Amino acid sequence: MDVSRSRCLSSPGHREAPWPTGSDGPFGKSRPVGPTSTDRPSLGGAPDASAAARLRHGTSIETRRSSMKIGILGVGHIGKTLTLRLSTAGHDVKVANSRGPETVDADVLASGGRAVTVAEAVADVDVLILSIPLNRLPEIAPLLADMPADTVVVDTSNYYPLRDSQIEAIDAGQAESLWATELLGRPIAKAWNAIGSHSFAAKAEPAGSADRIAIPVAADSDRDRRLAMALVEDTGFDAFDAGTLADSWRQQPGAPSYCTDLTREEMPGALAAAEAERLPKRRDLAVAAIQERVGDSGTNPDAEYLVRLNRALFT
């Protein structure tokens, strides 16, 4: 297995192993937009008072149920599941990869998604979902330059130095989402980065199910966050309001909320327990553990092993 392409070792939305990468119901309370500073997150681990309150209390908000026009860049495991689930939910979904629409497998389009070019995928959409590895974001940044300001961009990627090469700002402590926002030159929402691709494909549950897995969603805009949360619900998971992008490091690789298949009730404690300075070490320990177990592509550990591993290392 090429660990550089792994999902719960990286980000959703591209060809990856059966765990999250970084790529492809009950909501939190609405609130004013928070800071968007690129300062290093506090190393104490605890959210500020208002964030702590948000993590303790989740009040439902009105979801947008009308059909939306959605573009998805990336048709890996996460991108495929996003295409299938959002099309099934009644949205108009266009999906693209870097190799052209004719290379998109038919099973990706089984529930009504349409394969298009990259240029077509970013045009005339309400929401654009980036389900590609973090190191591919610079390539698509120019495509977003002329996109209308009210188009919501949702990023699913995660940072893995082994795959993405060293990114100095992130290594110095900048939240990955803030780095992506600066690179893309526009606001984003962060969602679907903290669930493994196997769990995402196989563990969707109806709203209200006791063991429904929660997915944290962060954004600086209340509107963007709510819309991304509504789409998370449409994919079969509880959307959890994880605050602003300045707090989104709490759902990065190495954090207790990352690829550990937690419920909505478990999510607040996991987000609050994250310790910024420990995330890179725990992330790299997970990568090393996978590399030790995997001799070649035929001996990949199964998806449940990966969830157990992440729980042991991150929580």
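Author: Helices (H or I, at least four residues) and strands (E, at least two) are DSSP runs, numbered from the N terminus. This is a predicted model, in which local features need pLDDT of at least 70 and side-chain atom pairs count only at pLDDT 80 or more, whereas totals for chains, interfaces and linings use all residues. Residues are numbered from 1 along each chain as its sequence is written, and side-chain values use heavy atoms, with hydrogens and water left out.

Reader: In which helix does Thr 83 lie?

Author: Thr 83 falls within the run of residues 77-88. That run is helix α2.

Reader: Is Thr 83 buried or exposed?

Author: A residue is buried under 20% relative accessible area, exposed over 50% and partly exposed in between (1.4 Å probe, protein chains only). Neighbours within four places in sequence aside, Thr 83 is in contact (heavy atoms within 4.5 Å) with Ile 72, Val 93, Val 95, Val 108, Ser 111 and Gly 113. Its relative accessible area is 0%, so Thr 83 is buried.

Reader: What is the order of the eight strands in the open sheet?

Author: Strands of a sheet pair through backbone hydrogen bonds, either parallel or antiparallel. Here two strands pair if DSSP finds at least two bridges between them. The pairing in this open sheet is mixed, and the order is β3-β2-β1-β4-β5-β6-β7-β8.

Reader: Which strands stand at the edges?

Author: An edge strand here has a single partner strand, so one side of it is left without a neighbour in the sheet. The two in question span 114-115 and 238-241, and they are β3 and β8.

Reader: Which residue in β5 is the bridge partner of Leu 128?

Author: Leu 128 and Leu 130 are buried on one side of β4, while Val 127 and Ile 129 are buried on the other. β4 runs parallel to β5, joined by four bridges. In β5, Leu 128 is partnered by Val 153.

Reader: Which residue in β6 does Val 154 stand opposite?

Author: Strands β5 (residues 152-155) and β6 (residues 189-190) run parallel and are joined by two bridges. Within β6, the residue opposite Val 154 is Ala 189.

Reader: How many Å separate the backbone oxygen of Gly 243 from a polar atom of the side chain of Arg 225?

Author: Arg 225 is found in helix α9, which spans residues 222-234 and lies across β1, β4, β5, β6, β7 and β8. At 1% relative accessibility, Arg 225 counts as buried. From a polar atom of its side chain to the backbone oxygen of Gly 243, the distance is 3.3 Å.

Note on methods:
Axes fitted to C-alpha atoms, helices over the stretch in contact; angles between N-to-C directions. Polar contact = N/O pair within 3.5 Å; in protein donor to acceptor, adjacent residues only side chain to side chain.
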